[in-house]
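These are my notebook entries on a two-chain model. I set down what I looked up, entry by entry.

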Amino acid sequence: MTENVAPTNLGSTIIQVPSPEPGTVDMMVNMGPQHPATHGVFRMELRVDGEQIQDLVPHIGYLHRGSEKLCEHESYSQIITLFDRLDYVSNFNNELVIVSAVEKLMDVAPPPRAELIRIIMCEFNRIASHLLFYGTFAIDMGAITPLLYNFRDREKIQALFESVSGARMMHNYFRVGGVKEDVADEFESRSLALCDELEHGIDETDRLLTENEIFLERTSGIGVISGEDALDWGLSGPVLRASGVPYDVRVDEPYSRYDELDFGIPVGSAGDCWDRFYVRILEARESVSIIRQAIALMEPGDTMSKIRRIARPPAGEVYAHCENPRGDLGVYIVSEGGERPYRLKVRPPSFCNLQALRDLTVGHYIADAVVILGTLDIVLGEVDR
Amino acid sequence: MSFTDILFAFAGLFGLFSALLVGVLSLTWLERKTLARIQQRAGPSVVGPHGLLQPVADAMKLATKEDIIPAYADKLLFWMAPAFVAVPAFLIWLAIPFGDRIAVRVLDLGLLYLVAISGIGVVGLLMGGWASSSRYSMLGGLRAAAQLVSYEIPIVIVILSIAVLVQSLSLDAVIGGNTITIGEATRDLPGQGLIPFAFVMPMGFVIFFIAGLAELGRTPFDIHHAESEVVGGPFVEYSGVHWAVFFLAEYLNTFVISALIVVLFFGGWSWPNPPESIFGNDLSSITTNFVGGAWFMFKTYIVAVTIFWIRGTYPRLRIDQLMTFAWQVLIPLSFVNFVLIAVVLFYDWPLWMMPTLSLPILIGAAIGVQRGRGVRDRPQTVRILRRSAGEIGRPMPNAPTQTQISGEGQGGD
C-alpha cells in the first residue's frame with residue numbers, strides 16, 4: 001500500500017490520493033457545481049484513475065430553497081406556485097400533484113372538462129420536458145444541433161401554454177377543484193395542429209440520434225442497471241421502465257381521467273443509456289396520442305367545481321402521486337384543518353433517481369459519467385427543493 | 001541570399017500573416033453562419049452586413065479582456081503555450097502553394113516540412129494543460145497528447161504514399177507532376193491537373209480526412225476540449241488575448257487541414273484547369289495565377305464548410321473508442337494504402353488499378369468496423385406495453401375485447 005501522499009505542487013494544485021494499485025495515485029476531479037454538463041448546480045466528486053472513474057460522491061443542496069418548509073406558511077392556493085418551481089421544466093405535472101392531493105383530502109372532484117384540460121396540459125408538458133432531455137443529452141455527447149431543433153418545438157408548446165395560462169413556465173393554472181379559467185375556443189384545433197408538428201419534431205430527433213453509429217457506441221451498454229436494482233434504489237419513471245419494470249402511475253393507479261385513455265407504456269430491457277433515451281422518445285409519441293384522445297373526449301362544461309375560494313381541507317393526512325416526466329412525484333400532506341398544511345413532504349423523482357448515480361458510474365470513463373447523468377435527467381430544482 | 005530575396009521573404013511573411021488573420025476571421029464567421037443554417041438559426045447578423053464584422057467585434061472584445069493567470073499556474077509555460085500552438089500553425093502556411101511555384105518559400109521538401117511542423121502544436125496544448133494547474137486542463141492536455149500523437153501516424157503514412165506516388169517531397173510536384181530518371185529511362189509521373197489524387201487513392205483521402213479531423217480536434221473527435229466533459233480542456237484557464245491566440249491557432253489549423261486536403265487530393269490551384277480560352281494557359285501569367293489562387297481558396301473553403309457540417313451533425317466519441325479507432329483501423333489501413341501504391345508503381349500497373357484495389361478494401365473495412373463493434377446489430381430492446389391489451393396495470397373499464405376474426409382473409413390487427 002502506498003501511504004497517503006501529501007498534496008504536491010505538480011506545477012499546480014492537483015491533489016493526489018492513494019490508489020489501490022501500488023505505486024500510483026488517483027486524481028480527484030471536482031465536477032460542478034459550475035460545469036456545463038451537470039444540468040444545474042450539481043457537484044460530483046470523482047476519483048479518477050486516468051480517465052476511469054474509481055469512485056463518485058454526489059453533492060447536492062446548492063439550490064435548496066426550503067420549499068417544503070415554506071409550504072407550511074402558505075395557503076394551499078399559494079403552494080401551487082411553489083410546486084411550479086420544483087421541477088421547473090414540467091410545471092403542470094407538479095401542479096397536478098399538489099392539487100390532486102388537496103382534492104383528495106377535501107374529497108372534491110374537479111369537473112370532467114377541467115380534468116381533461118389538466119391531462120392535455122400535463123402531456124404537453126411531458127413532451128416539452130422530454131424534448132429538453134433529448135437536446136441536453138445530445139449536448140452532453142457533443143452533438144450540438146438536436147438541442148436547437150428541440151427548443152424550436154418546445155417553444156411552440158410554451159406558446160400554447162402561454163395562450164392557456166398566461167405564462168410560459170410558472171403557470172399557476174391548476175386550482176384546487178379545477179383550473180383557473182377555461183381554454184380559448186381555438187385551443188382544440190391549435191393543440192391538434194401542434195400535435196402533428198411535435199410528432200414531426202420527435203421523428204426528426206429519432207432519425208438524427210437513435211440509429212447514429214457514434215450515438216449507439218456512446219450509449220449502448222453504458223450505465224446498466226437491472227430491474228431489481230432499479231426497484232431497490234427506488235428509481236421511477238423512464239429510468240425504471242428502461243430497466244424492464246413496467247411501472248407507470250398513470251396505469252397502475254390511474255388518477256384523473258387516465259383510465260379512460262388508451263396508451264402504451266414503453267418498457268426497455270437492457271437498462272442502459274440507449275434504452276433510457278429511446279423509452280423517452282416512444283413516451284413522447286404516446287403522449288401525443290393521449291392528447292389526441294383527450295381532445296376527442298372534450299365536451300363543454302364547467303372548469304371549476306363549486307367549492308370555497310380558499311381551500312380549507314379537514315384535518316387528516318394524504319398522499320398523492322402522479323407520473324411526472326422524470327418519474328413518480330408524490331406529495332404527503334398533514335393537515336390540522338385550516339388554510340395551511342401542518343407539514344408537507346415531497347417525494348421527488350429526480351432525487352431518488354440520482355441515488356443510483358454512483359452504482360451506474362463507477363468503472364466507466366469520465367465522458368460516460370456525463371452521459372449517465374444526462375439519462376437520469378435530473379432537475380436540480382426538484383433534487384434540492 | 002541577395003537583398004531582394006530577403007525583402008521578398010519579409011513581404012511574403014507580412015502578406016501571409018495579414019491574409020491568414022483575415023482568413024481566420026472569415027472562417028469563424030463562416031462556421032457560425034454554417035452552423036446557424038444547419039440549426040435553423042440566423043447566426044451573427046447584427047454587426048455589419050450579414051454579421052460580417054462580428055469576428056472583428058469578437059477580436060476587439062477579446063483583446064480588451066483581462067488576461068487572467070491562475071495563482072498556482074506555472075507562469076512561464078502558461079505564457080508560452082499559446083505561442084507554441086499558434087506559431088507552427090502559421091509556419092505551415094509558408095510551404096503551401098497558392099499557384100505554380102507561388103508560396104512564401106517554395107520548398108523541395110515541402111511534404112516533410114508539413115509533417116515536421118504540424119507535430120509541434122501538441123507540445124503547446126500539453127504545456128497549456130499542465131501549466132494551468134487545473135484538473136480539467138490536465139485531462140484535456142493529456143487527451144490532446146494521446147489523440148494528436150496517435151492520429152499523426154496515419155496522416156504521415158498517407159503523406160508518404162503521396163510522396164511515393166509522385167516520387168518527390170515537393171508540393172509543386174504533388175500538384176504539377178514530376179519527371180524522374182531511373183537509369184536510362186525517363187518517366188513522367190502524373191500530377192493532379194487531370195485526375196486529382198482523391199480519385200487515385202480514395203482510401204488515402206478518406207483516411208487523411210478522418211485523421212485530419214482528429215488532428216484538429218473537431219467533432220466527432222473534439223475530446224480534448226470537449227465542452228461537456230473537460231469544459232474546454234487546455235484552454236479552461238485562459239482568457240483574453242492568450243485565449244484568442246489559442247482560438248486563432250485552432251482555426252488556422254482547420255484552414256491548414258482544409259488546404260492540405262485540397263493540395264494533396266484535389267489538385268490545389270490546378271484542377272480543374274481554368275478555361276484556356278479565357279485566361280490562357282501560360283502558367284507564369286498573372287491572371288492564371290490569380291485565378292488559380294482563387295480556385296484554391298474556394299476549394300479550401302468548401303472543405304472547411306464540410307468540416308463544419310460534420311460538426312453540426314455528429315456526437316463525439318469517447319477517448320478509448322477514439323484511440324481504438326486510430327490504432328486498429330486507421331493506422332493499418334494507411335499502411336495497406338501505402339503498400340498498395342508501392343506495388344502498383346513497382347509493377348508499373350496503370351493508375352486506375354489503385355482505386356479498383358483500394359475501394360473494395362475501404363468498403364470492406366467500413367462494414368467490418370460496423371460489424372466488429374456490433375452496435376448495428378443491437379436488438380430492439382424497447383417495446384410498448386398496452387393496458388388495453390391487458391399487458392400492464394388494471395384492465396381498462398371499457399377495453400376492447402379480443403378482436404373477433406370473422407371469415408377468412410380478414411385478419412384482425
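How many buried residues does strand 1 (residues 178–182) of chain B have among its five residues? I found the count to be zero, so to speak a strand that is hardly covered. I took a residue as buried if 20 or more other C-beta atoms lie within 10 Å of its own, exposed if 12 or fewer, and partly exposed in between, with C-beta atoms placed from the backbone. Helices (H or I, at least four residues) and strands (E, at least two) are DSSP runs numbered from the N terminus.

**Basis of the entries**

I note that this is a predicted model, in which local features need pLDDT of at least 70, side-chain atom pairs count only at pLDDT 80 or more, and totals for chains, interfaces and linings use all residues. Residues are numbered from 1 along each chain as its sequence is written, and chains are lettered from A and ligands numbered from 1 in the order in which they are written.

**Hairpin of chain B**

I followed strand 1 of chain B to its partner, strand 2 (residues 185–189) of chain B, and found antiparallel pairing over five bridges. Two strands pair if DSSP finds at least two bridges between them. B:I180 has B:R187 as its bridge partner in strand 2 of chain B. Two residues lie between the strands of this hairpin, and B:G183 takes a positive phi near 60 degrees.

**Domains of chain B**

I recorded domain 1 (9–64) and domain 2 (70–275 + 298–368) of chain B; the bounds come from an automatic or database domain assignment. Their C-alpha centres lie 23 Å apart. In contact are 18 residues of domain 1 of chain B and 19 residues of domain 2 of chain B, where contact requires C-beta atoms, placed from the backbone, within 7 Å. On the domain 1 side, helix 1 (3–38) and helix 2 (54–64) of chain B each give two or more residues, and helix 1 of chain B gives the most, with 14 residues. I divided that side into 12 nonpolar, five polar and one charged. Ala, Val, Leu, Ile, Met, Phe, Trp, Tyr, Cys and Pro count as nonpolar, Asp, Glu, Lys and Arg as charged, and the others, Gly among them, as polar.

**Where the chains meet**

I found 49 residues of chain A and 45 residues of chain B in the contact. Strand 3 of chain B gives the most to the chain B side, with four residues. That side divides into 19 nonpolar, 12 polar and 14 charged residues. Strand 7 (residues 264–267) of chain A runs antiparallel to strand 3 of chain B, joined by four bridges. A:G264 is paired there with B:R386.

**Chain A**

I counted 15 helices and 10 strands in chain A. Its radius of gyration is 22 Å, close to the 21 Å that the globule rule gives for 385 residues, so chain A is as compact as a globular protein of that length. The radius is taken over C-alpha atoms, and the rule is 2.2 Å times the number of residues to the power 0.38. Of the 385 residues of chain A, 55% count as buried.

I then examined an open sheet of three strands in chain A, with the order 8-9-10 and antiparallel pairing. Strand 8 (316–324) and strand 10 (341–347) of chain A stand at the edges with a single partner strand each, so one side of each is left without a neighbour in the sheet. Nine bridges pair strand 8 of chain A with strand 9 (residues 327–335) of chain A, and A:N324 stands opposite A:G327.

How values were computed. Two residues are in contact if their C-beta atoms, placed from the backbone, lie within 7 Å.
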